[in-house]
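User: Please take a close look at a single part of this model, the surroundings of the ligand, and go through them carefully.
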Amino acid sequence: MNPRKWSLTSLAAVMGGALVLAACAPAAPPAPTGLLADILARGTLVVSTDPAYPPQSELVEGPTRAANTQCASDQHTATEFTGFDIDVAVEIAKRLGVEACFVTPDWTLIIGGSWADRWDISVGSMTITPERMEVLYFTQPYYTTPAAFFVHQDNTTFSQPSDLSGKKVGVCAGCTYEYFLDKTLSIPGETINFIVEDASINGYDTDTSALQDLALGDGVRLDAVLTALPTGQGVIADGLPLKQLGDPVFFEYLAAAVDKSHSKDATSFVRRVTEIMQQMHADGTLLRLSQQYYGEDLTSAAAQFDVGALGQLS
Amino acid sequence: MSGEPIIQVESLHKWFGLLHVLRGISLTVEPQEVVVIIGPSGSGKSTLLRCLNFLEEPSAGTITLDEITVSAGPRTHTDRQQIMALRLRTGMVFQEFNLFPHMTALENVIEGLVTVKKMPQEQAIPMGEKFLDKVGLLDKRDVHPIRLSGGQKQRVAIARALAMEPKIMLFDEPTSALDPELIGEVLAVMKQLALEGMTMLIVTHEMGFAKEVADRIIFIDQGQIVEQSPPEELLANPKEERTQRFLSQVLH
Amino acid sequence: MSVETLRRPGLPGADPDLRMGLELLATQRRAQLIQTAKIGVVWGALVAFLTTVLLQLRIEPSYIGEHYGFVLEGVLTTIGVSLVSIMFATLLALFGALGRLSRNSMAQGISGFYVSIIRGTPLLIQIYIIYLGLPQIGQQVRALGFPELGRWLTLDALQSGILALSLNYGAYMTEIFRAGIQSISHGQRESAEALGMSRWQMMRRIILPQAIRVIIPDIGNQFIAMQKDSALVSVMGIWEITYRANRFARKDSKFMEMFLLAAGLYWILTIVSSWIQSRLERRMAQAYER
Ligand SMILES: Nc1ncnc2c1ncn2[C@@H]1O[C@H](COP(=O)(O)OP(=O)(O)OP(=O)(O)O)[C@@H](O)[C@H]1O
Ligand SMILES: [Mg+2]
């Protein structure tokens, strides 16, 4: 599209919107500016998703591109995917009054920022971390990954996570779980209570190998494993003789993200999505989706999260 | 013959690395003169011919060709234009024919007219046909070189050079790559050219042809002109001992 | 070979020894046919062996049969990306080779640098740099007051992929073009020069038309290789064969099934391309006949 025409159209749309608002609602909020104004004028919200992670985002078989879509030819429509992230993205677009369109770059290209205005937002279950906050804005998180300890089914000596001080604990090497045990973990917006002292840390390349070692017997190789709650529950459902020990010890907050280096001012857009996310928590939409895809409530802690404390929009 | 010489070469030197191939050659050729160059293998005959149209850069010396003078040394833009102009006044025929294999006989002949002289096709084609006819190959106009015999190839090559209407023709052993029975047809074309008054420099081992057609024979050895005179004189009683030795070898 | 070629042109009537020639020809054909059949049997045996080996993998062959459609849709993208890229690469290679063979120090420097830096770095990293890095330069350029140019530097996934593949193959093909050009005999240059042609006229009219016949089979080879390398553009989310196979596999954890399917599709593409290439090569071989 001709860029000049494009900005003229968007300008006209913004001015038109402002006129309508001024005419009917004297106390209306100020007309949107920056990226948000662009999205509203365009009528599409371009979302990046890597459909490699069921049940958050996966492909649907068959020629399923929506018929009367406004998405550009190199973008995909919501009907081509399914998953928790996809439903959340579609709901955000709906509440903005636009259509959700998807692009599918590799996950590694999403988390590094510098998106060059190619897409507006990532709704990709991205954990809020200090490193990512340097290049991305995060919205109110929409759910969490709780981290919990798992022990062997036969174990009777441990009754709560603090009992594991000084024991052999397996984790995936270089993950947040290892940083929890060596007490260097820092999660923006969360105060972490390091209740396990001096654990002997056993690093594995993946969580699953740690869980399989734990399943060999109580204390044979490991006394416990610290991992994501859904992961532990998954292997238990698959038949490993393990059980969860106590409540989750910390939460990773998963949010939508927006590129800080966008050529337009993105802050009003981030604020708006945060508002929408809070509404979706309040009216039970996210809880319903969490139940649908995970069979449990992973959203409550995310609803409590104080996104203002991140200090990213100051 | 008299008047302004059409070719004037002054103390021409050519080095290939540390090999001194031409050692101070000076030479004048009159218009319409036919000069045959002979000499042992490696004596520098080809190199001399190729220096005349700057296929080979001379290392030192000056070449004047039809009033265009170019000296050895670093080239300016004007020099390069002079060399281009000089090449248009010479036509060259090679031992290996070097026809363009992707073009028909006629296309070969008119290539220079169309590409270099920017002549329109409809004007170039009749001209090309005229020169093909001249070498007796009009019936082969649409044939590719691969389908021509060696003698026919060489005649097309001569037509290609003639089509550019040069003032001087340079022949480097035009019959050496030919089977004996094909040599005659090429020599006949060359003889005809000589009769028409074309200025020609010919490197050849065909002594009979030289005797009959040449106005002068030049004997070159080790990059120097050893002796030059009309054929009857040079062939009958050469003055230099080196010439005598060479002639006794080639004349059996 | 046709029977006509056995008749001696210009001689009246049939060659009295024609029978002998025909018999010889028939024997040769029979031997050729037997040879082809033997090779076919070897191929058949190898395919059977490979199938047996692959069936030992922990796979569910019926899954491929039920879900191949989604991956098949990527074939057109793979072919499209490769075709467009090979065309740009060919152009780049032509200019690269002319640069390398030119006497101009600027042209020589630029093309030498281009070939060196592109051949010296992996394609995947070039893709990342073009996709991620170029827009950042674009931002700087925009800030300097050249908004149009800045926009040009922000390429979408497809453009980035095509640019990366073209640049990469262009560099390798520069060497192919250079060798092709240099394979044309020195005598061709000399006779062009003796006619008074400029270097460019000589290239355009004499050298390139001949060199291209040497080069075309190699371009075919590069095209066949590129079809497989185009898999790398999947990192930017282009839905070609590999992307579709990989992402689809994640749904049901059917990696081996989908990878085998993708491999099969690439192989078929290669077989078809090789066939076209061999036909082209045959046409090139009967060059200059009229
Ligand atoms: N391009 C070149 N580079 C290096 N040496 C060369 C080159 N061209 C010719 N020479 C050498 O220069 C010498 C003269 O060569 P030239 O071809 O002029 O001899 P010639 O008299 O034509 O011999 P012939 O009768 O064999 O054709 C030879 O020793 C040859 O090896
Ligand atoms: Mg010679």
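Which residue has a backbone N or O atom that lies 2.9 Å from an oxygen atom of ligand 1?

Analyst: This is a predicted model, in which local features need pLDDT of at least 70 and side-chain atom pairs count only at pLDDT 80 or more, while totals for chains, interfaces and linings use all residues. Residues are numbered from 1 along each chain as its sequence is written, chains are lettered from A and ligands numbered from 1 in the order in which they are written, and side-chain values use heavy atoms, with hydrogens and water left out.

The residue is Gly44(B), whose backbone N or O atom is 2.9 Å from an oxygen atom of ligand 1, a polar contact in the sense of a pair of N or O atoms within 3.5 Å. Side chains make such pairs as well: an N or O atom in the side chain of Ser46(B) is 2.6 Å from an oxygen atom of the ligand, and for a polar side-chain atom of Thr47(B) the distance to a ligand oxygen is 2.4 Å. Taken alone, ligand 1 exposes 630 Å², of which the protein buries 58% (Shrake-Rupley areas with a 1.4 Å probe).

Strand E2 (19-29) and helix H1 (45-52) of chain B are the elements that give two or more residues to the shell around ligand 1, and H1(B) gives the most, with 3 residues (helices are DSSP runs of H or I with at least four residues, strands runs of E with at least two, numbered from the N terminus). The shell, with a heavy atom of each residue within 4 Å of the ligand, includes Phe16(B), Leu19(B), Val21(B) and Pro40(B), together with Ser41(B), Gly42(B), Ser43(B), Lys45(B) and Glu173(B). By class, the shell residues divide into 4 nonpolar, 6 polar and 2 charged, with Gly counted as polar.

Chain B, which holds these residues, also meets chain C, in a contact that takes 28 residues from chain B and 20 residues from chain C (heavy atoms within 4.5 Å). The two chains bury about 2,200 Å² between them, 58% of it on carbon and sulfur atoms, where buried area is the accessible area (1.4 Å probe) lost on putting the two parts together, summed over both. Across this interface the rule finds 3 salt bridges, each a side-chain nitrogen of Lys or Arg within 4 Å of a carboxyl oxygen of Asp or Glu; one of them joins the side chains of Arg50(B) and Glu190(C), at 2.7 Å from N to O.

Terms used
Polar contact = N/O pair within 3.5 Å; in protein donor to acceptor, adjacent residues only side chain to side chain.
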